Amino acid sequence: MITQTSWKDSFVKKRLEKQLPNEIPLFPKRQCVSLVIVREFDSTAVLTTEGQTLDVELVRCGRKNKDLISRVLLQKRKQIAPERRTGRAFNRDLGWGEKCAYMEQMCGKCPDCLIYGFAATSGEGAQRSRVWTDSGFAIRSYEAMQRSITLNAISDTTRGGISGSAFAEREHIRPQVFFPTIETAVDVTPSEFMYILRNILATTRYGAESNRQGFVQNHVVAMLFSRGEVLSNLALTQGVYDRLLERKGENLNEFPLERSEVVEAVLDVLHEEARESYLPVEICAGEELQALLASVRDLWRSEEANEEWLRELENDHRAYLEKLSK
């Protein structure tokens, strides 16, 4: 059931207004909201920058458990790039930045340029990204979650016999692998935050060959309001590993993880970090987060509320560009 609402009166806008600036500042204020996301792969995926092997780093298992472990990486660019493409497709549907093109001529005026940043490819002008992220790490070891898949050539004949021949082998991650990650939006207005959130929730494909695999569910499990970043992706993953190891013992690396257990461990880590932080950290999770996401769902399903949000986003950027021009 859709609850009709307006953007102005929505729960999500009122919640964001308490913490975020109502206009884009010309100089950084470091008003941060971090989206904590558990990325769950629902299919096999290839997470590599090039070659046949997965991107792997040797790191400590946890912050308590100091054993070494090889973990698969979800590179930072492999997270942001597909989400930006989702946003840019949305922009073109709205008639924004239709001629804005990476590596050629970025317009410097559309939401993608002004939020995620751009470098001048010709002429002058540049914008720092106001979305901070880093590479994500798988919770379990590389050995527990990878397998090599042989690729066969496709035959299109009716002769029968050998339909194709193996021509390559590539490492994949198995389904139901989790990457706890954090994306931090800095000095964004409520309408801009909604644009970032939409890109994350609407993006479903990550990694190489993403038209055939790499299906991902992005579960937003918490939002952190603070004056800086609270912890890194690696620290989050190590904290989760420690907690899951305490509960599951050595079985941790034998079977796929249960999402609810991962989410519970993530929230434990976040609350511990918030308690130990020097600066105040406000956590939005549990029932409050679910109410906020329900408000977002109602908003996007309402044509009028959607238009109201987009109008405010456009006005925010127009006001910012006018300030820049003075």
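These questions and answers walk through the sheet and helix packing of a predicted model.

Q: In what order do the five strands of the open sheet stand?
A: The model has an open sheet with antiparallel pairing. Strands β4 (131–132) and β10 (282–284) stand at its edges, each with a single partner strand, so one side of each has no neighbour in the sheet. The order is β4-β8-β1-β9-β10.

Q: Over how many bridges do β1 and β8 pair?
A: Strand β1 covers residues 32–41, and strand β8 covers residues 177–186. Their pairing is antiparallel. In this pairing E40 faces F178 of β8. The count for β1 and β8 is 10 bridges.

Q: Which residue of β9 is the bridge partner of E40?
A: β1 also pairs with β9, again in the antiparallel sense, over 10 bridges. E40 stands opposite F178 in β8. Its bridge partner in β9 is Q217.

Q: Which residue of β10 is the bridge partner of F225?
A: β9 and β10 are antiparallel partners, joined over three bridges. β10 is an edge strand with a single partner. For F225, the partner in β10 is E282.

Q: How many of the 11 residues of β9 are buried?
A: Buried means under 20% relative accessible area. By that cut-off β9 is mostly covered. The number of buried residues in β9 is 10.

Q: At what angle to β9 does helix α8 run?
A: Helix α8 spans residues 286–301. It lies across both β9 (216–226) and β10. Its angle to β9 is about 115°.

Q: How far does helix α5 reach from its first C-alpha to its last?
A: Helix α5 runs over residues 190–202, 13 residues in total. At 1.5 Å a residue, its reach is close to the span expected. From first C-alpha to last, α5 reaches 18 Å.

Q: Is α5 largely enclosed by the rest of the structure or largely open, and how many of its residues are buried?
A: The buried residues of α5 include P190, F193, Y195 and I200. N199 is also buried. α5 is largely enclosed by the rest of the structure, because the number of its 13 residues that are buried is 10.

Q: How are α2 and α5 oriented to each other?
A: Helix α2 (residues 76–94) packs on α5 at about 110°, with the axes 8 Å apart. Angles of 65 to 115 degrees count as roughly perpendicular. The two helices are therefore roughly perpendicular.

Q: What is the handedness of the crossing of α2 and α5?
A: α2 brings E83, T86, G87, R88, F90 and N91 to the contact. α5 answers with Y195, R198, N199, I200 and A202. The crossing is right-handed.

Q: What is the C-alpha to C-alpha distance between P82 and N199?
A: P82 is found in helix α2. P82 is buried, with a relative accessible area of 9%. P82 and N199 lie 117 residues apart in sequence. Their C-alpha to C-alpha distance is 8.7 Å.

Q: Which residues does P82 contact, leaving aside neighbours within four places in sequence?
A: Contact means heavy atoms within 4.5 Å. With those neighbours set aside, the contacts of P82 are R77, T203, R205 and Y206.

Q: At what angle do the axes of α6 and α7 cross?
A: Helix α6 (residues 233–248) and helix α7 (residues 259–276) have axes that come within 9 Å. α6 is oblique to α7. Residues in contact include L236 and G239 of α6 with E261 and V262 of α7. The axes cross at roughly 120°.

Methods. Residues are numbered from 1 along each chain as its sequence is written. This is a predicted model: local features need pLDDT of at least 70, side-chain atom pairs count only at pLDDT 80 or more; totals for chains, interfaces and linings use all residues. Side-chain values use heavy atoms; hydrogens and water are left out. Helices (H or I, at least four residues) and strands (E, at least two) are DSSP runs, numbered from the N terminus. The expected span of a helix is 1.5 Å times one less than its number of residues. Buried means under 20% relative accessible area, exposed over 50%, partly exposed in between (1.4 Å probe, protein chains only). Two strands pair if DSSP finds at least two bridges between them. Axes are lines fitted to C-alpha atoms, for helices over the stretch in contact, and angles run from 0 to 180 degrees between N-to-C directions. Angles under 35 degrees count as roughly parallel, over 145 as roughly antiparallel, 65 to 115 as roughly perpendicular and the rest as oblique. A crossing is left-handed if the near helix is turned anticlockwise from the far one by less than a right angle, and right-handed if clockwise.
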